[in-house]
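I opened the notebook to look up pockets first, then nonpolar cores. My entries follow the structure below.

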Amino acid sequence: MLKKVLVAQMALLATLPALASELVVYSARADELLKPIAQAYQDKTGTKVTVISDKAGPLMEKLKAEGKNTKADVLITVDGGNLWQAAQAGLFRPINSTVLKNNIPSHLRDPKNQWFGLSVRARTIFYNAKTVNPSQLSTYADLADAKWKGKLCLRTSNNVYNQSLVATMIANHGQAAAERTVKGWVNNLATTPFPHDTALLEAIDAGRCDVGIANTYYYGRLVNSKPAVANNVKVFFADQKGKGTHVNISGAGVVKHSKNPAEAQKFIEWLSSPEAQKLYADRNFEYPASVRVGAAPLVARWGNFKQDFINVSIAGQNQQKAIMLMKKANYK
């Protein structure tokens with residue numbers, strides 16, 4: 001009798017769905033952006049997704065310290081410089097994915113396929129429409145011209161976004177030209193550098209400076225919360241007659257010591273899908289990394305622009321050169 005009961009129970013268990021997989025994601029993205037996207041994947045697949053959030057540096061140090069004992073499966077962070085550093089530290093394993101190669105353009109992913117861009121932000125010029133005619137604007141280097149003396153606002157040099165911009169300038173124009181530009185920027189500052197892009201954009205709105213450099217998604221967030229800002233502060237896409245506007249990414253890779261690498265890869269592939277790309281675009285005013293998905297309506301109103309198609313990994317390769325250059329130029 002007992003044997004028959006056990007057989008029946010085993011047969012019943014065989015008809016039940018398998019236990020859902022679990023993923024642990026280390027994320028340097030804001031919780032209000034990533035957690036709803038992770039929840040959407042969980043609802044769609046049944047895979048439990050646990051998001052552990054922190055800044056990029058501490059997360060990378062955590063992965064180094066944990067080594068083979070880590071519970072993390074995926075690392076998501078911002079900026080090609082940070083992703084390059086993580087790859088150099090041996091924190092990723094290569095991803096052989098036709099899906100990701102088809103969805104993500106080659107300049108937005110690691111040449112060795114260790115990480116892939118998932119969203120794009122342009123770091124470009126913003127100006128006060130009351131004091132500046134857009135015909136006066138052209139390139140990042142032009143902001144070093146004396147005509148902008150006392151009119152330029154910048155974010156601090158210790159921010160990775162500015163380091164990546166300067167790193168790309170070094171690659172595109174050479175060390176000497178990049179140094180002349182950064183020195184010119186410093187000479188033209190209207191005030192001390194700001195701790196974040198939002199404060200910089202608010203300073204342009206208030207008339208404290210005429211022009212500045214910021215990421216587009218910060219502008220999108222600000223205009224979404226304070227629509228009147230768009231009356232004064234406008235976006236200008238730099239270098240359209242040259243290399244194109246500097247872009248950077250948020251991106252992800254499979255952690256080297258992931259216990260569930262196949263599911264981790266599926267998660268990143270899903271993040272590159274039209275469904276997830278639209279969530280990124282609509283929630284955070286970033287550009288989708290996939291060319292198959294359009295920008296959110298507010299972002300689309302800014303118009304199309306030519307990107308600089310240099311591989312974003314250059315931001316990491318030239319990061320130390322950029323930091324030293326900015327220090328030499330007395331860029332605080």
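How many residues line the second largest pocket, and which lie nearest its centre? I looked this up in a predicted model. I found 19 lining residues, with Tyr287, Pro288, Val293, Phe305 and Gln307 nearest the centre.

**Second largest pocket.** I noted a volume of about 330 Å³. Strand E10 (287-288) and helix H13 (297-300) are the elements that give two or more residues to this lining. I then sorted the lining by class. There are 13 nonpolar and six polar residues, and no charged ones.

**Largest pocket.** Here I read a volume of about 520 Å³. The lining has 20 residues, and Ala28, Lys55, Ala56, Gly57 and Asn82 are the closest to the centre. I checked which helices contribute. Helix H3 (56-66), helix H4 (80-88) and helix H6 (160-173) each supply at least two residues. H3 gives the largest share, six residues. By class, I counted ten nonpolar, four polar and six charged residues in the lining of the largest pocket.

**Nonpolar cores.** Which members of the largest nonpolar core touch the most other members? Leu75, Leu201 and Leu271 do, in a core of 78 residues. I followed up on Leu201. Leaving out residues up to four places away in sequence, Leu201 touches Phe126, Ala214, Tyr218, Tyr219, Leu222 and Val233. I also logged another core, of 26 residues, lying apart from the largest one. Its members include Leu137, Trp148, Trp185 and Ala329.

Note on methods. Residues are numbered from 1 along each chain as its sequence is written. This is a predicted model: local features need pLDDT of at least 70, side-chain atom pairs count only at pLDDT 80 or more; totals for chains, interfaces and linings use all residues. Side-chain values use heavy atoms; hydrogens and water are left out. On a 1 Å grid over the protein atoms alone, a cavity is a set of points where a 1.4 Å probe fits but cannot get out, and a pocket is an open set with protein on both sides within 12 Å along at least five of seven lines; lining residues have an atom within 4 Å of a point. Grid points are joined across faces, edges and corners, and a volume is the space filled by probe spheres set on the points. Helices (H or I, at least four residues) and strands (E, at least two) are DSSP runs, numbered from the N terminus. Ala, Val, Leu, Ile, Met, Phe, Trp, Tyr, Cys and Pro count as nonpolar, Asp, Glu, Lys and Arg as charged, and the others, Gly among them, as polar. A nonpolar core is a set of buried Ala, Val, Leu, Ile, Met, Phe, Trp, Tyr and Cys residues joined through side-chain atoms within 4.5 Å. Buried means under 20% relative accessible area, exposed over 50%, partly exposed in between (1.4 Å probe, protein chains only). Contact means heavy atoms within 4.5 Å.
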